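Hi,

Here is the structure I promised to send over.

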Amino acid sequence: MRIPFLSLFPALFLSFFLTAHSPPSSIYDHLKHNGLPIGLLPKGISDFSIDPNTNRFHVNLTQPCNSEFEIQLHYDFNISGVLSFGKIANLSGVSQQELFLWFPVINIRVDDPTSGLINFDVGVVDKQFSLSLFEIPRDCTAFDPKGSLSISQVYST
């Protein structure tokens, strides 16, 4: 028994439509859907949530950790921010090391995807990095809080 090709078309179309328009299922899918590289967040995410009305997300890690890129990033247990296309605003739970100090990353944005650059706003300055550094989620090593100073610790002493 042969099934005519035209009778398969509706089923194939429906399958494609449902797959192409299904909501993102992981935080990495949400990043990609918003034009951001998935490697902005490390491996080891135990749980995440996102509010569909505000795009505010919360990510939980199994432990605070550091990832090494061209720079070093620190991730707290809990990370949150607001996703929009090409941007994470009001970010909390991520810090970037400059020299021997840690600065909180406030916003991350890709102004022009064709430039191949991503900007990290650490309050005092914007730092630009290659988008290619963040193509895949990195391993994250356990963090020793005794081994570094944050900018807030420096100002409070």
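Before the notes, one term: a salt bridge here is a side-chain nitrogen of Lys or Arg within 4 Å of a carboxyl oxygen of Asp or Glu. Also, keep in mind that this is a predicted model, where local features need pLDDT of at least 70, side-chain atom pairs count only at pLDDT 80 or more, and totals for chains, interfaces and linings use all residues. Residues are numbered from 1 along each chain as its sequence is written, and side-chain values use heavy atoms, with hydrogens and water left out.

**Salt bridges**

The structure holds 4 salt bridges. In one of them, the side chains of Arg109 and Asp126 meet at 2.9 Å, N to O. Arg109 is in strand β7 (residues 107-109) and Asp126 in strand β9, so this pair ties together parts that are 17 residues apart in sequence. (Strands are DSSP runs of E with at least two residues, helices are runs of H or I with at least four, and both are numbered from the N terminus.)

Arg109 also forms a salt bridge with Asp111, with 3.0 Å between the closest N and O atoms. That puts Arg109, Asp111 and Asp126 in a network of salt bridges. How open are these residues? For the wording: buried means under 20% relative accessible area, exposed means over 50%, and partly exposed is in between (1.4 Å probe, protein chains only). Arg109 is partly exposed at 23%, Asp126 is partly exposed at 36%, and Asp111 is exposed at 55%.

Another salt bridge joins the side chains of Lys43 and Asp139 (3.3 Å, N to O). Lys43 sits in the loop between α2 (27-33) and β1 (45-50), and Asp139 in the loop between β9 (126-130) and β10 (141-142), so the pair ties together parts that are 96 residues apart in sequence. Lys43 is partly exposed, at 44% relative accessibility, while Asp139 is exposed at 55%.

**Overall layout**

The protein has 3 helices and 11 strands. Reading from the N terminus, the order is α-α-β-β-β-β-β-β-β-β-β-β-β-α. Of its 157 residues, 34% count as buried. The accessible surface is about 9700 Å², and 60% of that belongs to carbon and sulfur atoms (Shrake-Rupley method, 1.4 Å probe; for residues, only the protein chains shown count as cover).

**Aromatic rings**

There are 3 aromatic pairs in the structure. Rings of Phe, Tyr and Trp (its six-membered ring) pair if their centres lie within 6.5 Å; planes under 30 degrees apart count as stacked, over 60 as edge-to-face, and the rest as tilted. The rings of Phe69 and Phe134 have centres 4.7 Å apart and planes at 35°, so that pair is tilted. Phe69 lies in the loop between β3 (65-68) and β4, and Phe134 in the loop between β9 and β10, so the pair ties together parts that are 65 residues apart in sequence. Both Phe69 and Phe134 are buried. Phe120 and Phe129 make an edge-to-face pair, with 5.3 Å from centre to centre and 85° between the planes. Phe120 is buried at 0%, and Phe129 is buried at 4%. Ring pairs link Phe69, Phe120, Phe129 and Phe134 into a cluster.

**Some buried residues in strands**

Gln96 belongs to strand β5 (residues 87-98) and is buried, with a relative accessible area of 0%. Leaving aside neighbours within four places in sequence, Gln96 is in contact (heavy atoms within 4.5 Å) with residues including Phe120, Phe129 and Trp102. Its side chain makes a polar contact of 2.8 Å with the side chain of Glu98. (A polar contact is a pair of N or O atoms within 3.5 Å; within protein, one must be able to donate a hydrogen and the other to accept it, and residues adjacent in sequence count only if both atoms are side-chain atoms.)

His74 is in strand β4 (residues 72-84) and is buried at 6%. A polar contact of 2.8 Å joins the side chains of His74 and Asp76. Again leaving aside neighbours within four places in sequence, the contacts of His74 include Trp102 and Phe143.

Leu61 is in strand β2 (residues 56-61), and is buried at 6%. The C-alpha atoms of Leu61 and Gly44 are 5.8 Å apart, although the two are 17 residues apart along the chain.

Cheers
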